[in-house]
Every structure is written in C-alpha cells, then in structure tokens.
Amino acid sequence: MRSTRRSRQDPWGFDRTDRYAFVGLLGLVVLVQAAVLVGVPAGAWVQGDPLPVRMLGPVTVPALDAAGVGYGEASYEVAFDDPSVGLRLLALVPGVLTVVLAAWATWLVVAVMRAVASGEPFAQPTVRRLRTLAAVLAIGAPVVSFVELPIHGALLGAALDPGGREVSFAVDPPWEAVVAGLFVALLAEAFVVGGRLRDDVEGLV
Amino acid sequence: MPVDEPHRVVCHLDRLLEERGMTLAALAEAVGVTVVNLSVLKNDRAKAIRFSTLTAICDVLGCQPGDVLSLDPGES
C-alpha cells in the first residue's frame, strides 16, 4: 500500500492504490476462471482429448465387504472418447455462464468503487448496481450450479448405458455466494438510507 | 415521513442587510459561514437552516428569527 497521509492515519482506508490492486485481483480471477472453465475444455476439444464428466455411483469394494465395513457412493470421471460437437458445446455451458457472471460481478464492483471514489456513493445508480450484484451472487451463482445437473444428465444419457447401475450427481449449492449476495443486498439498503440522509443535508445552511 | 418540497418559507436577509447598510460578504464573515451558503439562504434556495446559523445571524443583525424568516401565506 502506498504510504499516503490518509493511509497513515487510517490503515483500513481504501485509497487509489488499493482500488487498482482490487480491480487487478478481480480481473485476474475472471481471467483464471475463463482459462480453467472455458480455455482448457476448448483446448482439449481442439486437440481431440476425451470429454470428462463427473458422476456419482455405487462402488463395490470386496475387501470392505468382507470386513463388514459400510461405505457409500464414489465419484467417477467418465471420459467420452469421441463426443459430438453438441455434447462438447453442452459441456462448455456451465463454465461460460460462470465466467459471464464473474465478469458481470466484477464490472458492477468496479462501477460501485468508481462512484465511491468520486465522492458520490449514495446515488441511485450505485444502489441499482449493488442490488444487481446481490442478485448475481445470491441467484445467479446457484442457478449456474443447478444448470450443471441437467447438462451432465444429458451428456451421460446421450452416450452412456449405466447397465442398471444407479447414477446420481452431487448438488453443491454455492452457499458462500448466496450469503455474500444477501450481505450486498443489506449494503444496498444502507446506501438507500445514506441517499436519504444526503438529500436531507443538501441545501442546509 | 419527510415533508415534500416545495416550502413557503421566505428569507428577508436582503431587506435586513439593506436597512443596516451591510454587505452579504460582511455578514458571512461575521457569522462564520460562506458567502455561497448565505446567498443560497438569501435567495430562498435553502432547504434547511441550522439553529446555530440562525442564532449567529440574529446576533449580528440584532433581530429575531421571525425578522429573518417568515411564512408566505400562499393560496391556502
């Protein structure tokens, strides 16, 4: 952090250097997500590598059976050797949606930070952006997570005969994103109150 | 519930200053507020006034709050 007069007085002050670093960090997160969730699968597609899909299914371990030890399902990674273009595109959908949401959230955070830095944080556009960010986190992230289920089901159903084996998928909603979204919604409400206070002070002599 | 604008409070600083041969800048300096803020008050563009500001204006001009501000009867 640059040693400005303000930062010396208040170590938690968010100065210009902090804003640039935060924007850089968010941009890096989006780039890494794009590379991992879209770039790597697209590269595997170009190289003709198998398409991996995770699924859950019952597992049999004779040694554990013999010992009388209980055990549950196992996670399998099914690899499609020669998937169609449609399956490849379908497999890319959750990753693309995740990257789009992350980029949208980053843009909203940057816009809010710019408004705060300009000294006009309590404007209506800032409240609207914070509420949109809350929706992206609390609704968008779980929706993307649930979208993966039918897509994986369609991928496996299109090319795999489970042979009577019970196939299931793990549902892991992104609770952290939901909680963060609710917190941002609360923050937006605080900005609404701040806007009212600012209106009260305007024109005060 | 906040009261919506517009209000009907009228400021008489113009007349008070003229009667005393005082400028707005001199009053601003004596009161300790900016000329811009006093100008806002004088031209009826202020939405609110602090009691401390009103007290200082009355002290400098030797008047009562009712001499500085009055309510326009309007159409009611």
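Asp15(A) is buried, because its relative accessibility is 7% and buried means under 20%. The model is a predicted one.

**Asp15(A) and its surroundings**

- Asp15(A) is placed in the loop that runs between α1 (5–9) and α2 (16–47) of chain A.
- From this loop, the side chain of Asp15(A) reaches the backbone nitrogen of Asp18(A), at a distance of 3.1 Å.

**Overall build of chain B**

- Chain B contains 5 helices and 2 strands.
- Along the sequence, these elements of chain B follow the pattern β-α-α-α-α-α-β.
- Chain B has 76 residues, and 28% of them count as buried.
- Consider the contacts in chain B between residues at least 6 apart in sequence: 64% of these contacts join residues at least 24 apart.

**The interface between chain B and chain A**

- The size of an interface is often given as the accessible area lost when the parts come together.
- For chain B and chain A, the buried area is about 650 Å², with 59% of it on carbon and sulfur atoms.
- Lys47(B), Ala48(B) and Arg50(B) together supply 59% of the area that chain B buries against chain A, which is more than any other three residues supply.
- In terms of residues, 9 from chain B are in contact with 5 from chain A.
- Across this interface, 5 residue pairs are in polar contact, with both residues of each pair at pLDDT 80 or more.
- Helix α3 (residues 35–42) of chain B gives the largest share of the side of chain B that touches chain A, namely 3 residues.
- Sorted by class, that side of chain B has 5 nonpolar, 2 polar and 2 charged residues.
- How many salt bridges are counted between chain B and chain A? The count is 0.

**Salt bridges within the chains**

- Side chains of opposite charge can pair when their charged atoms come close.
- Over all chains, the count comes to 6 salt bridges.
- One of the pairs is Lys42(B) with Asp14(B), whose closest N and O atoms are 3.5 Å apart.
- Lys42(B) belongs to helix α3 of chain B and Asp14(B) to helix α1 (residues 13–20) of chain B, so this pair ties together parts that are 28 residues apart in sequence.
- Asp14(B) is partly exposed, because its relative accessibility of 47% falls between the limits of 20% and 50%.
- Glu19(B) and Arg15(B) also form a salt bridge through their side chains, with an N to O distance of 3.2 Å.
- These two residues are 4 residues apart in helix α1 of chain B, so about one helical turn separates Glu19(B) from Arg15(B).
- Glu19(B) meets Arg20(B) in a salt bridge as well, at 3.5 Å from N to O.
- Is Glu19(B) buried or exposed? Glu19(B) counts as exposed because its relative accessibility is 52%, and exposed means over 50%.
- Its two partners are described otherwise: Arg15(B) is partly exposed, with a relative accessible area of 41%, and Arg20(B) is partly exposed at 35%.
- In chain A, a network of salt bridges links Glu120(A), Arg198(A) and Asp199(A).

- His7(B) lies in the segment before β1 (9–11) of chain B.
- With a relative accessible area of 36%, His7(B) counts as partly exposed.
- Which residues does His7(B) touch, not counting residues up to four places away in sequence? They are Asp44(B) and Ala46(B).
- His7(B) and Asp44(B) are 37 residues apart along the chain, and 9.6 Å separates their C-alpha atoms.
- The side chain of His7(B) reaches the backbone oxygen of Ala46(B) at 3.3 Å.
- The side chain of His7(B) also reaches the backbone nitrogen of Val9(B), at 3.0 Å.

Notes. Residues numbered from 1 in each chain as written. Chains lettered and ligands numbered in written order. Predicted model: local features only at pLDDT ≥ 70, side-chain atom pairs only at ≥ 80, totals over all residues. Heavy atoms only, no water. Buried < 20%, exposed > 50% of the residue type's maximum accessible area, 1.4 Å probe, protein only. Contact = heavy atoms within 4.5 Å. Polar contact = N/O pair within 3.5 Å; in protein donor to acceptor, adjacent residues only side chain to side chain. Buried area = accessible area lost by both parts, 1.4 Å probe. Salt bridge = Lys/Arg side-chain N within 4 Å of Asp/Glu carboxyl O. Nonpolar A, V, L, I, M, F, W, Y, C, P; charged D, E, K, R; others polar.
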